[in-house]
Amino acid sequence: LDNFYDRDNPDSAKREKYKENGTHLQKSGHGSICTTQKGDVYLCHLCGRPFIPEKCCTLGRETSIQKMMWTDDWLVMEDGSNLAKDKIPESGLKEVTWSSEIGKVKFNPWPEYLISPRIERTNWTTINNDGSITIKGQQSLCSLDRVSLIARQIRSVYSSFSTSLDFTPVVFQHTAGITMYYDNMNNISLVKTIEEGNEIIQLVSVENGTKKEYSKTLLTFKGTIDMKCTVNGKSLFFAYKSKNSEKWIIMENLFDTFKLSDEYSNYGEFTGTFCGIFASDLNKRDSYATFHYFNYIDELPCNVE
């Protein structure tokens, strides 16, 4: 930022404030100091990794670590610079492993990294004996009230997310599917719904409050549908298939990954982009959709095969 007092300016974190300073990490700050058993000093701090030249951070606020040292009067970077580094030397400490937050999971036991906005999920979900989850349709993803959305933050701009859905819409106000969700005014979804008695699959995007519906595809099969979204750097795309098929049908529309970001959004809150499952019923709020698993993978490259 140009000036600390810009914090009261709603545009202070926008793209025009970025500095071409030779580091990939931007918006660095809000750090906590720690000292290791060996006496080395590190700073854990928030930052953002923007797409270039768009200068948009799809992953939102992230955490980085820097090697530091104390001088006679202050803490400084070990190399004497003031640029955040995206790589630092190994600490030499014993490695500590954590449980994985990627891969295919069921919903029982509940994965703690899956969250829902604003309202307690137990009021509109049921965990089934086989570990699947049934979601009661509520308001649309554009709502700030009762949204039936379960999601997790993506960890990489090279990743994929998939699930398997059982859902029988009765009227066109019944929808269910998967979404790449930044906020209620910026999201992209692959939905199953019904039109004139025919079940269809459709892409729907909301970009800074403007909704766009893409061409509808008539489903040629009944029953379970698998859905997938692939984030491949600056673009993302959706695909679907029947449960018994091995070949994904790729939707023709490509979307810009950078638009799901704090900087592009008019309502940015530094959350980063989420991938999730949802159901919506704008009629009587009495339709249900069952999702059999939640499968998130960090991968490079990202291809649908």
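**Pocket lining, a buried lysine and cysteine pairing**

The lining of the second largest pocket comprises 10 nonpolar, eight polar and four charged residues (nonpolar being Ala, Val, Leu, Ile, Met, Phe, Trp, Tyr, Cys and Pro; charged being Asp, Glu, Lys and Arg; polar being the others, including Gly). The model is predicted, with local features requiring pLDDT of at least 70 and side-chain atom pairs counted only at pLDDT 80 or more, whereas totals for chains, interfaces and linings use all residues. Residues are numbered from 1 along each chain as its sequence is written, and side-chain values use heavy atoms, leaving out hydrogens and water.

The second largest pocket contains about 480 Å³ of space. A pocket is here an open set of points, on a 1 Å grid over the protein atoms alone, where a 1.4 Å probe fits, with protein on both sides within 12 Å along at least five of seven lines; lining residues have an atom within 4 Å of a point. Grid points are joined across faces, edges and corners, and the volume is the space filled by probe spheres set on them. Of the 22 lining residues, Thr 175, Val 191, Val 204, Lys 211 and Glu 213 lie nearest the centre of the pocket. Two or more residues each are contributed by strands E11 (186–195), E12 (198–207), E13 (210–213) and E19 (274–281) (strands are DSSP runs of E, at least two residues, numbered from the N terminus). Strand E11 provides the largest share, six residues.

Lys 241 belongs to strand E16 (residues 235–242) and is buried, at a relative accessible area of 10% (buried, under 20%; exposed, over 50%; partly exposed, in between; 1.4 Å probe, protein chains only). A polar atom of the Lys 241 side chain lies 2.9 Å from the backbone oxygen of Ser 245. Beyond neighbours within four places in sequence, Lys 241 is in contact (heavy atoms within 4.5 Å) with Phe 221, Ile 225, Asp 226, Glu 246, Lys 247 and Trp 248.

Zero disulfides are found in the whole structure, a disulfide being a pair of cysteine sulfur atoms within 2.5 Å. The sulfur of Cys 44 has its closest cysteine sulfur in Cys 34, at 4.5 Å, and the pair is therefore too far apart for a bond. Cys 275 is likewise in no disulfide, with the nearest cysteine sulfur, that of Cys 229, 7.9 Å away. Cys 44 is partly exposed, with a relative accessible area of 28%, whereas Cys 275 is buried, at 0%.

Notes. Helices (H or I, at least four residues) and strands (E, at least two) are DSSP runs, numbered from the N terminus. A polar contact is a pair of N or O atoms within 3.5 Å; within protein, one must be able to donate a hydrogen and the other to accept it, and residues adjacent in sequence count only if both atoms are side-chain atoms.
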